Amino acid sequence: EPARRALAYALAAQGPDGGWRYEPGDAGDMSVTGWYMMALKSGQMAGLDVPDATLAGIVAFLDAVAVNDGARYGYRVDVRGRPAAPVTAAISAEGLRCRQYLGGRRDDPRLRAGTEMLIGPQPIDWENDKDVYAWYYITQVAHHLGGDAWRRWNDRLREVLPATQVTKGPAAGAWEPALDRWGHSGGRLFVTCFCTWMLEVYYRHLPIYGDEAVSAVTPVPR
């Protein structure tokens, strides 16, 4: 019953453009919409009813904030007729993950091109470009996509995150928030939660496209 009530709230809070923001009925932004999409998908997979019209609204919102022919996504449309902005790794990964949840095909050129843009030649640069919020969504997108993109991302993920975990003192087991893009706001708990979720992606998310979509890469031991 709590899940049904939460889902009912989500459905009622959807904005006129198909997205969600901080208040019910607001025009959406891609960040908040991505979290609502995850809740709706979880409810749907648990057997709860998610109306087709709600999902169609999300598709319309994604189309409105898409840039680069749908390979990347902007935060929101502030001025009618202008592209959505800002366009960031986190927001683009959320958009691609929503496309996957809404039935996007593995061979969709938007998904493949967007994933390559996100992974790049040197994924997960802890020292110079630390952004666990973005990495969290990129991990999901790559995990579901599978193949070479997932292998390259996961090889780096499994190397960097365990190596940067604090091993001594009162913060042992956590990750440092310093220099993370949102670490100044979320703090140590924020960064630690996102790093943990990334390392648990093997156990928390069944691959959307079936077992064949994910290469046989040994996960970090539990």
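Which residues does Met-30 touch, not counting residues up to four places away in sequence?

## Met-30 and its contacts

In this predicted model, Met-30 touches Phe-61, Leu-62, Val-65, Gly-74, Tyr-75, Ile-91, Glu-94, Gly-95 and Cys-98, with residues up to four places away in sequence not counted. Met-30 is found in helix H2, which covers residues 30-45. Because its relative accessibility is 0%, Met-30 counts as buried.

One of these contacts is Glu-94. Met-30 and Glu-94 are 64 residues apart in sequence, while their C-alpha atoms are 7.1 Å apart in space. Two other contacts of Met-30, Gly-74 and Tyr-75, fall within the residue range of strand S2, 72-76.

## The sheet

Three strands form an open sheet in the order S1-S2-S3, and their pairing is antiparallel. Strand S1 (66-67) and strand S3 (85-87) are the edge strands, each of which pairs on one side only.

Between S1 and strand S2 (residues 72-76) there are two bridges, in the antiparallel sense. Ala-66 stands opposite Tyr-73 of S2.

## The largest nonpolar core

The largest nonpolar core has 56 residues. Those that touch the most other members are Trp-126, Val-132, Trp-135, Trp-153, Leu-161, Cys-195 and Met-198. Helix H6 (residues 132-145) gives the most to this core, contributing 10 residues. In soluble globular proteins, nonpolar side chains tend to be buried together.

Leaving aside neighbours within four places in sequence, Leu-161 is in contact with Trp-126, Trp-175, Cys-195, Met-198 and Leu-199. Among these partners, Trp-126, Cys-195 and Met-198 are also listed with the core residues that touch the most other members.

## The cavity

Rolling a probe the size of a water molecule over the atoms shows where empty space is left. The structure holds one cavity of 30 Å³ or more. The space in the largest cavity is about 30 Å³.

The lining of the largest cavity is made up of Gly-70, Tyr-73, Leu-96, Arg-99, Asp-108, Arg-110 and Leu-111. By type, the lining residues are three nonpolar, one polar and three charged. Helix H4 (89-101) and helix H5 (109-119) each supply at least two residues of this lining. Tyr-73, which is among the lining residues, is the S2 residue that stands opposite Ala-66.

## The largest pocket

About 310 Å³ of space lies in the largest pocket. Its lining has 13 residues, and those nearest the centre of the pocket are Met-45, Tyr-101, Arg-204, His-205 and Leu-206. Eight of the lining residues are nonpolar, three are polar and two are charged.

H2, H6 and helix H9 (201-204) each supply at least two residues of the lining. H2 gives the most, with four residues. H2 is also the helix in which Met-30 is found.

## The second largest pocket

The second largest pocket holds about 250 Å³ of space. It is lined by 17 residues, of which Ala-89, Leu-118, Asp-129, Trp-135 and Ile-138 are the closest to its centre. The elements that give two or more residues to this lining are H5 and H6.

H6 provides the largest share, three residues. The lining divides into 10 nonpolar, three polar and four charged residues. Trp-135, one of the residues closest to the centre of this pocket, is also one of the residues that touch the most other members of the largest nonpolar core.

Definitions and conventions: Residues numbered from 1 in each chain as written. Predicted model: local features only at pLDDT ≥ 70, side-chain atom pairs only at ≥ 80, totals over all residues. Heavy atoms only, no water. Pairing = 2+ DSSP bridges. Core = buried A, V, L, I, M, F, W, Y, C linked by side-chain atoms within 4.5 Å. Buried < 20%, exposed > 50% of the residue type's maximum accessible area, 1.4 Å probe, protein only. Contact = heavy atoms within 4.5 Å. 1 Å grid on protein atoms, 1.4 Å probe; cavity = no way out; pocket = protein on both sides within 12 Å on 5 of 7 lines; lining within 4 Å. Points joined across faces, edges and corners; volume = space filled by probe spheres on them. Nonpolar A, V, L, I, M, F, W, Y, C, P; charged D, E, K, R; others polar.
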